[in-house]
Amino acid sequence: MKILIALVAAVVLASIVGVIYVGSRSYERTVVADPYGHAVHHDADRRKALELGWTLAVDEAALRAGPEVRLVATLAGKGGAPLDGAEVTFRVSRPGTSRLDASARATAEGAGRYVALLPLPDPGFWDLDAVVKRDGQTLILEQRVHVGGGTADPAPCDAGVRSCAAEAGPLRIVLALSPRPPVPLKEIEAKVELLRDGAAVEGAEVSVLLSMPGMYMGENRILLRPAGNGRYAGQGALLRCASGRRDWLAEVEVRIPGMPGSRARFPFQAAE
Ligand SMILES: [Cu+2]
């Protein structure tokens, strides 16, 4: 009950902060451009993208945080044929801040490939706008891309779209979240499977801590119950981030009698 009250309070607080934030944000926008014009522009772009059938595929697995990151995207036309001869500019920004905004004109490499060097100093999710000009048409294609940590890190598994596994000492921890992706202010279910040398681990105390990297979002912990055969399951709620961020971290904490505690971190992206 205590947890529920705290959670409700956090949601209320988050929505108040959200209102204040939206207020200051629309002020910012009116300085730059007419906010209504901005919205119309976005809708017009979406319609135009559908009509033209242009799509952009970013090679996300190759993205690693750094001062000068090679961003490679493939532009395709209706039916998926590579689209050459376009003038492409990439604009990147980090959700919730304008501090890291950057843009660069891309070089065409043929076969629909466009490449630019951009500063992407932080790992995590970034917003990418590709301004594409071709045949007298201009279209802005928006998408969110994930930038990996160090050069040695493999691209992290997004627990918001699939089951992810991690090794923590002798344990193999597998996390599955649902729905996929998790929806803010709705119930979220966490399922964990524990294995040791391929065998199911029973009798563990398992919880999942939900947080946002670098931002305090309240204490939000899901306690899991044993579901048999090394499986544990529990339900909680996901908050909505006042700043519009969707990148979350699920930390699975495992306690097994007679063993040091283990934890594994699983980044995931929530729905809008
Ligand atoms: Cu947040």
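The stops below cover a metal site and then a loop residue.

This is a predicted model, in which local features need pLDDT of at least 70, side-chain atom pairs count only at pLDDT 80 or more, and totals for chains, interfaces and linings use all residues. Residues are numbered from 1 along each chain as its sequence is written, and side-chain values use heavy atoms, with hydrogens and water left out.

**The copper ion**

Select the copper ion, then M212, M215, M217 and C241. The SD atoms of M212, M215 and M217 and the SG atom of C241 are its protein donors, 2.3 to 2.5 Å away. Donors are N, O and S atoms within 2.8 Å of the metal (3.2 Å for Na, K and Ca); water is not among the atoms, so sites may look incomplete.

Why is the arrangement tetrahedral? The four donor atoms subtend angles of 98 to 128° around the copper ion; four donors count as tetrahedral if all angles lie between 85 and 135 degrees. For four tetrahedral donors, the ideal angle is 109.5 degrees.

Along the sequence, the donor residues follow the spacing M-x2-M-x1-M-x23-C.

**P182**

Now select P182, in the loop between β10 (171–178) and β11 (187–196). Strands are DSSP runs (E, at least two residues), numbered from the N terminus. Is P182 buried or exposed? P182 counts as buried, because its relative accessibility is 1%; buried means under 20% relative accessible area, exposed over 50%, partly exposed in between (1.4 Å probe, protein chains only).

Notes
Helices (H or I, at least four residues) and strands (E, at least two) are DSSP runs, numbered from the N terminus. Four donors count as tetrahedral if all angles lie between 85 and 135 degrees; four count as square planar and six as octahedral if opposite donors are over 155 degrees apart and all others between 65 and 115; anything else is irregular.
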